Amino acid sequence: MNYTSGTSAGAHPFTVAGGTPTANGVNEFLIQCLHNTDGRCPEFYSGRAGNFGGRTSMDRTGIVMMDFPGGGLIDEIVKRNPRGGGDGDGNSGRLSVMVVGDSMSQGHEGDWTWRYRLWEWFQDQGVTVDFVGPYKGTVPHAEPAPPKPPALQGQEPAQDTTPRTSGGYAPGVRSFDSDHFAVWGRQAAQDKKLIADQVAKYRPDLLLVGLGFNDMGWFVSGPEGTLESMKELVDEARSAKPDLKFALADVPQRTRIGGREDLPRNTDTYNSMLRAAIPRWSTDRSPVELVDWRGNYDCEVDGCPAGYDGLHPNALGEYQIARAFELTLHDKFHLGKSVPPVPGDIEPRPTPVPAGVAATSGPGGITVSWDPVFGAYGYTVRNRLVGSGQWNELRVSANRYDTTWTTDGQKWEYQVRTDNGDQLKSGWSDVVGATAHPETAAAPVGIVTRATATGVDVSWGRPTGAHTGTIDRYEVLTFDKDTPGAFVQSVGVRGQSAHIDGLTPGHRYVVAVATWNAAGGGMPGAARSIMVGAGTPSAPGDLKVTSTDATTVQLTWTGSPQAAGYRVWIRNINDGSRSTADEYIVDGTSRGIAYLVPGVWNYEFCVTAVNGEAESGKSNCVVAPRPADSRSARQPRAAASAADSDGLSQLMAHRTA
């Protein structure tokens, strides 16, 4: 208990507290002590051998009794003692905290979350805390659902924007105060419009903010715009509670993403700008302090031991993020007595092999399902045609996988494993299988593509045959072959033509069209690939042919800069036939052709460059030489179809479930 002012016959308490024109009052002297100015109170600060009896910090002194204290000194003391200041709403002795963030703060079902680790720290430090906010849970496990038809062109896909917050926590989590305002995918650009209402409703004393990655990661804004959004968030929150305190985290790095070389640079730029801006944003009444998430979180472009997917925290990362906030709360807001190191022995996440795996044939193809694994971040499904030998793997988020691009009688087999990130996967389940008997419609016929300055025009004919009576729409699929990490894009159309705009000029795109009927989406038909804005390509040149054996050749040529692909023309030089080409379109400037009987020396080859329906003239034409050993001959090769093209293979390889 400190008595910081006094009286005498010649000194009124007001004078002692406030001072005179020639002498500091007690209040100003104490403010100078708290600010470490003019050499006041050296025992308050490190560097003095005997400070606090040789200890590195001073215990709270409890009650400070003052005459005529003045607002300035009161503010300084309250700022350093938020526990004792209450929350402004009658909750004396309890610190009210709101966590504002995105997926890294909300967490996934089965996570401990850094919020829980921070709550544990508050308990261990004897700080009475009340977490506040509209939500309590993590994001839940994805619900299994059949494939949905594509949204019709011009219509926004139906989306449920209600935050998903019903997920549970790790089995070892004690019952804790889990209220928060953190939502998967949330941006500072979004929360700046929402924060005032949340602060007005829940009246926090302290805002812990972890936002900004999604703003820059999803092209919402660059570093400057993200900083502006963060400043607006601070201003809006203050408008609802002028004495609100802020701990603002910078943005962590994540592992390298192909095509996003800008992201690490933008992250570092934003973090530097935020660090410089925070002192300007801070006021005596409403202090703002930086949380060094980036520096305390072990995640970089070349590796992320603290994250399960190159960004989101695993159990180690949760401790590291919590500690980053603890350091700021302790060092800047003087909460707690210490900040312990991150534990060295952290139990791994439970990752069992999925049970109940089953494959069943249905009208849409084959459906594989299994029992959900609590806390699984996702699953890897691998599939193959029986007898093919080569497994194809795909990651899914829910406990269901559908094989839809299949034909009647194809036999498929599957295995499933739990996928808890880059470093933690279960073993494979036993193999299950089924035979496909789809009732989907055939692909459209006569698909034609024409490149435009910024997109592509596509037209097609209605298919005939089984299951075509219930066709509801067509799905136009495009895939950017020149953008690393690109996704297959699609749109629904009820007519028999479409214009797809907004593509990147100079990039090559795979284009395909599929039908959707009552059973679902059928196998797509491939069109010729296009190069946006390129027009008719020039002819290839310098065609060369090498005879690999008596019935096989290898062709190479110099490409055309406007080409989206190439066709090979073949003519038998002995029977007077004309040169013909199938619709097997190759991306590169080489192609091998086999089964040329009675021998390769009977054939002439030419090449054309294509950009959708636009096609160049022929290259120079060459006749294959007779190889040294021309005795062997193979069986004739069946004519290639459009479905054999490089483009459709790429589309299927990059398709997501």
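Biologist: At what angle do helix H8 and H10 pack, and how far apart are their axes?

Modeller: Two packed helices are described by the angle between their axes and the distance between the axes. Here axes are lines fitted to C-alpha atoms, for helices over the stretch in contact, and angles run from 0 to 180 degrees between N-to-C directions; helices (H or I, at least four residues) and strands (E, at least two) are DSSP runs, numbered from the N terminus. In this predicted model, helix H8 (residues 195-202) packs against H10 at about 35 degrees, with the axes 8 Å apart.

Modeller: On how the values were taken: residues are numbered from 1 along each chain as its sequence is written, and side-chain values use heavy atoms, with hydrogens and water left out. As this is a predicted model, local features need pLDDT of at least 70 and side-chain atom pairs count only at pLDDT 80 or more, while totals for chains, interfaces and linings use all residues.

Biologist: Which residues of H8 and H10 make that contact?

Modeller: With contact meaning heavy atoms within 4.5 Å, H8 contributes Ile 195, Ala 196, Val 199 and Ala 200, and H10 contributes Leu 233, Glu 236, Ala 237, Ser 239 and Ala 240. By class there are seven nonpolar, one polar and one charged residues in the contact of H8 with H10, where Ala, Val, Leu, Ile, Met, Phe, Trp, Tyr, Cys and Pro count as nonpolar, Asp, Glu, Lys and Arg as charged, and the others, Gly among them, as polar.

Biologist: How do H10 and H11 cross?

Modeller: The axes of helix H10 (residues 223-240) and helix H11 (residues 262-281) come within 9 Å and cross at roughly 35 degrees. The residues of this contact divide into nine nonpolar, three polar and three charged, including Met 230 and Val 234 of H10 and Met 273 and Trp 281 of H11.

Biologist: Which backbone geometries deserve a second look?

Modeller: Most residues other than glycine have a negative phi, and most peptide bonds are trans. Phe 219, although not a glycine, has a positive phi of about 60 degrees, and it sits in the loop between helix H9 (213-217) and H10. A cis peptide bond joins Val 597 and Pro 598, with omega about 10 degrees, and Pro 598 is placed in the loop between strand E30 (590-593) and strand E31 (603-611).

Biologist: How is strand E27 paired with strand E28?

Modeller: Two strands pair if DSSP finds at least two bridges between them. Strand E27 (residues 541-549) and strand E28 (residues 552-558) are antiparallel over six bridges, and a hairpin joins them through two residues; Thr 546 has Gln 554 in E28 as its bridge partner. E28 is also joined to E30 by four bridges, again antiparallel, with Ser 590 in E30 as the partner of Thr 556.

Biologist: How many disulfides are there?

Modeller: A disulfide is a pair of cysteine sulfur atoms within 2.5 Å, and by this rule the count is two. In one of them, Cys 299 and Cys 304 have their sulfur atoms 2.0 Å apart, and with -110 degrees about the S-S bond this link is left-handed.

Biologist: What is the average pLDDT of the protein?

Modeller: The pLDDT is the predictor's confidence in each residue, from 0 to 100; the protein averages 89, and 84% of the residues score at least 70. Over residues 52-57, however, the pLDDT is below 50, and it stays under 50 over residues 82-92.
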